[in-house]
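Please look over the sequence and the structure below. The report that follows takes up selected parts in turn.

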Amino acid sequence: MTGRLIELIRRLKRGDKNGFEEFYRLTKSAVWYVISRKLFDRQKAEDVMQETYVKFLNSLQKVDEEGNPMAYLLTIAKNKSLDEYKKNAKEQLSDEMEEHGGRADFYSPLADSPLLCLCKEKLAAEEFELLELTVVFGYRRVEAAKMLGKPVSTVNRQYHSVLKKVKKLYKEAYDERR
Amino acid sequence: MNAGKKIRKELNCAAPDLADKIAESVNWDKIAAENSTAKKEKKPFEKSFVWSLAAACCAVVLCLGILLPIYLSGGEGGGKPRVSAYSVTIQVNPSIRLDFDEHDIVTRQYGLNEDGVLFLHKENYVGQTVDEATEAVVRKLGKHGFLKGNAVKVCVKDGKGNDYDSKQSAVAKTMEKYLTALGSGSVSFLDEDEFKKLEDDFKDKNLGEYEKSLIERYKNTVLELAKEKEATMRNLISLVSPYAEKDGKKPIPNLPCLSELTGFAQKYGYEYDFETDEITGKDLYELIKDLNKEIEDLLEAVEEIEDGKDEDDFKDLLKDLYELAEDHLFEED
């Protein structure tokens, strides 16, 4: 996917608006995930989503075509959602507590992603973190290993183990919803 | 559909569709202006590295071939097939073709023979300008020794199959600039018969055939290597088993299979959880467990590949092969 993103970024840099739809389609899930796990109000999350992409497009000259453009996009998303979160922290926390009966660790947007929600519940924290990095954000395992400060061989083994667990959780997630 | 894809599908459905809204709220002309002024630093042409090989002065024949309006399926670069403004066919064996739009931007790339497919493997010129793509191709041709004693032939035609003189001259000039910097020969043009032969061979073969044969070759190689690794691991398990002890805390002096252990680690980039100069029975016990797990994972990855025979899944198959090779077979840098 990184190759395709780079092709699209080259088009965007030339002001080719038509490349944006595909770029958005390829990146929206990771960006939405970063933003919506921080912001509890869907409308605010959508606003931040829009601001994220606008900022990205207005700073395309900073995008390194030799690297991973997703990393830059996700950094913008993370910073913007954190800023918004801090602005509204008190308000959001009490809303969330009310909605979830006082539990602040389950976030409602994951209700749209039952399998991911179940993974967050059932996997160990470091397993879920690895799942996020590789599956949600699309980092290669070599990159994830560097970010986690672990040997690549360890990350590879953990990755396969995590995917096996996710396969089993899939049945659970979708059988329960029937 | 694998587990990762299932999660991504969920997230895709959850994410809002704001593409139009976002696209309308930015100034695309401003973006284009800002990015056209941003200068990209280019590495100087590495004369000695590349051109010492090409010093046997090959005449670089430039023939710019404009793509006939044939709708082709597949090929590198993705996107829907469409008529291009012109295309550049480069033949030095490998043979490749680059399609360009009216703004001189690469829209697609094709390998016209098996070596051409290999040449383009992992390369992505789509989105580059004709200058950028020409320079990149020349660099790679030189780097891999394709220019040594060979004539590079390039051909340009317009969408109707006629000679596109102005474009031909422009590309000839570009190619000559890079070749001159590298101390190579002159530029000349592919004749009509040679161009027709390339095109005919390409059409007959069907675009996807080279890619498929490449993937098939790669698949067989990777599976061979996987079997080799499995055998090595099983051998290692049998060698260390006599010394493995669940609670063995004392270092084992003069372990006979030490060279096999270090050899395995070196070859596959395997990191042990112990120091090889102080191995205990417990270390070996744990190692056997890890190796058995590794064998299980490896066989599962191999099974996925052997099961993936559907023609439409060639791209997925290639991805699985890369992952198998990356995860299990090659040492990471």
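## A partly exposed leucine

A:L26 counts as partly exposed because it has 16 C-beta neighbours inside 10 Å. The cut-offs are these: a residue is buried with 20 or more other C-beta atoms within 10 Å of its own, exposed with 12 or fewer, and partly exposed in between, with C-beta atoms placed from the backbone. A:L26 sits in helix α2 of chain A. Its C-alpha atom is separated by 9.1 Å from that of A:R4, a residue 22 places away along the chain.

## Model and confidence

This is a predicted model, in which local features need pLDDT of at least 70 and side-chain atom pairs count only at pLDDT 80 or more, while totals for chains, interfaces and linings use all residues. Residues are numbered from 1 along each chain as its sequence is written, and chains are lettered from A and ligands numbered from 1 in the order in which they are written. The model scores ipTM 0.80 and pTM 0.51.

Chain B has a mean pLDDT (the predictor's confidence in each residue, from 0 to 100) of 71. In chain B, 67% of residues reach 70 or more. Confidence in this chain is highest in α2(B), at 93. It is lowest in strand β1 (residues 60-64), at a mean of 25. Over residues 39-82 of chain B, pLDDT stays under 50. The model still has 121 contacts beyond four places in sequence for that stretch. Where pLDDT is low, the predicted coordinates should not be read in detail.

## Where the chains meet

In the interface, 45 residues of chain A are in contact with 37 residues of chain B. Contact here means that the C-beta atoms, placed from the backbone, lie within 7 Å. On the chain B side, α1 (3-14), α2 (19-24), α3 (28-37) and α11 (281-307) each supply at least two residues. The largest share, nine residues, comes from α1(B). By type, the chain B side divides into 17 nonpolar, nine polar and eleven charged residues. Nonpolar covers Ala, Val, Leu, Ile, Met, Phe, Trp, Tyr, Cys and Pro; charged covers Asp, Glu, Lys and Arg; the others, Gly among them, are polar.

Helix α2 (residues 20-36) of chain A packs against α1(B) at an angle of about 75°, with the axes 8 Å apart. The two helices are therefore roughly perpendicular (65 to 115 degrees). A:S29, A:W32 and A:Y33 meet B:R8, B:L11, B:N12 and B:A14 there.

## Inside chain B

Chain B has twelve helices and six strands. Helices (H or I, at least four residues) and strands (E, at least two) are DSSP runs, numbered from the N terminus. Of its 333 residues, 32% count as buried. Among contacts with a separation of 6 or more, 70% join residues 24 or more positions apart.

Strand β5 (residues 152-158) of chain B is mostly covered, with seven of its seven residues buried. One side holds B:V152, B:V154, B:V156 and B:D158. The other holds B:K153, B:C155 and B:K157. Strand β2 (residues 86-91) of chain B pairs with β5(B) in the antiparallel sense over six bridges. Pairing requires at least two DSSP bridges. B:I90 has B:V154 as its bridge partner in β5(B).

## A helix in chain A

Helix α7 (residues 125-136) of chain A has these buried residues: A:L130, A:L131, A:E132, A:L133, A:T134, A:V135 and A:V136. Just after α7(A), A:G138 takes a positive phi of about 75°.

Terms used
Two residues are in contact if their C-beta atoms, placed from the backbone, lie within 7 Å. Axes are lines fitted to C-alpha atoms, for helices over the stretch in contact, and angles run from 0 to 180 degrees between N-to-C directions. Angles under 35 degrees count as roughly parallel, over 145 as roughly antiparallel, 65 to 115 as roughly perpendicular and the rest as oblique.
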